[in-house]
Amino acid sequence: SIQDNVWYHLVMVNDPTGPAPQERLYINGVLNNSVTDTNPLVYDTTAAGDLYIGTTQYDTGEKFNGYI
């Protein structure tokens with residue numbers, strides 16, 4: 001369980017390979033959960049582009065309000 005006042009390292013991995021794409025959550029380097037991705041990410045692997053953290057390339061007004 002997650003405790004107050006303790007630092008954690010969280011990583012979410014999207015693995016689009018195979019017949020069933022997977023999303024995996026790691027906490028402190030240990031696999032905590034994985035699910036079949038029923039709505040896989042759509043991205044163009046042939047194009048170079050910007051990386052957006054806390055927002056999207058579209059100005060939707062839905063920006064992350066906090067610290068990353």
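Colleague: Let's start with Ile68: buried or exposed?
Modeller: Ile68 counts as exposed, because its relative accessibility is 77%. On that scale, buried means under 20% relative accessible area, exposed over 50% and partly exposed in between, with a 1.4 Å probe and protein chains only. This is a predicted model, where local features need pLDDT of at least 70 and side-chain atom pairs count only at pLDDT 80 or more, while totals for chains, interfaces and linings use all residues. Residues are numbered from 1 along each chain as its sequence is written, and side-chain values use heavy atoms, with hydrogens and water left out.

Colleague: Where is Ile68 found?
Modeller: Ile68 is in the segment after β3 (30–36). Strands here are DSSP runs (E, at least two residues), as helices are (H or I, at least four), numbered from the N terminus.

Colleague: And which residues make the nonpolar surface patch?
Modeller: Leu51, Ile53, Phe64 and Ile68 make it, and the patch covers about 540 Å². Patches take residues with over 30% relative accessible area and no salt bridge, joining nonpolar side chains (Val, Leu, Ile, Met, Phe, Trp, Tyr) within 5 Å and like charges within 9 Å. The areas come from the Shrake-Rupley method with a 1.4 Å probe; for residues, only the protein chains shown count as cover.

Colleague: Stepping back, how many helices and strands does the chain have?
Modeller: There are 0 helices and 3 strands, in the order β-β-β along the sequence.

Colleague: How do β2 and β3 pair?
Modeller: They are antiparallel, with 6 bridges; a pair needs at least two bridges found by DSSP. Leu25 has Asn33 in β3 as its bridge partner, and Ile27 stands opposite Val30 in β3. The two strands form a hairpin with 2 residues between them, and Asn28 in that turn has a positive phi of about 55°.

Colleague: What about β1 and β2, how many bridges there?
Modeller: 6 bridges, and those strands run antiparallel. Val13 has Arg24 in β2 as its bridge partner.

Colleague: What does the side chain of Arg24 meet in a salt bridge?
Modeller: Asp15, at 3.2 Å from N to O. A salt bridge needs a side-chain nitrogen of Lys or Arg within 4 Å of a carboxyl oxygen of Asp or Glu, and a search of the whole structure finds 1. Arg24 counts as partly exposed because its relative accessibility is 23%.

Colleague: Now Gln22, where does that lie?
Modeller: Gln22 is in strand β2, and it is buried because its relative accessible area is 18%. Its side chain makes a polar contact with the side chain of Thr36 at 3.2 Å. That term means a pair of N or O atoms within 3.5 Å; within protein, one must be able to donate a hydrogen and the other to accept it, and residues adjacent in sequence count only if both atoms are side-chain atoms. Leaving aside neighbours within four places in sequence, the contacts of Gln22 (heavy atoms within 4.5 Å) include Val13, Asp15 and Val35.

Colleague: Last one: what is the place of Ala20?
Modeller: Ala20 is in the loop between β1 (10–15) and β2 (22–27). At 33% relative accessibility, Ala20 counts as partly exposed.

Colleague: And what share of the chain is buried?
Modeller: Buried residues make up 6% of the 68 residues.
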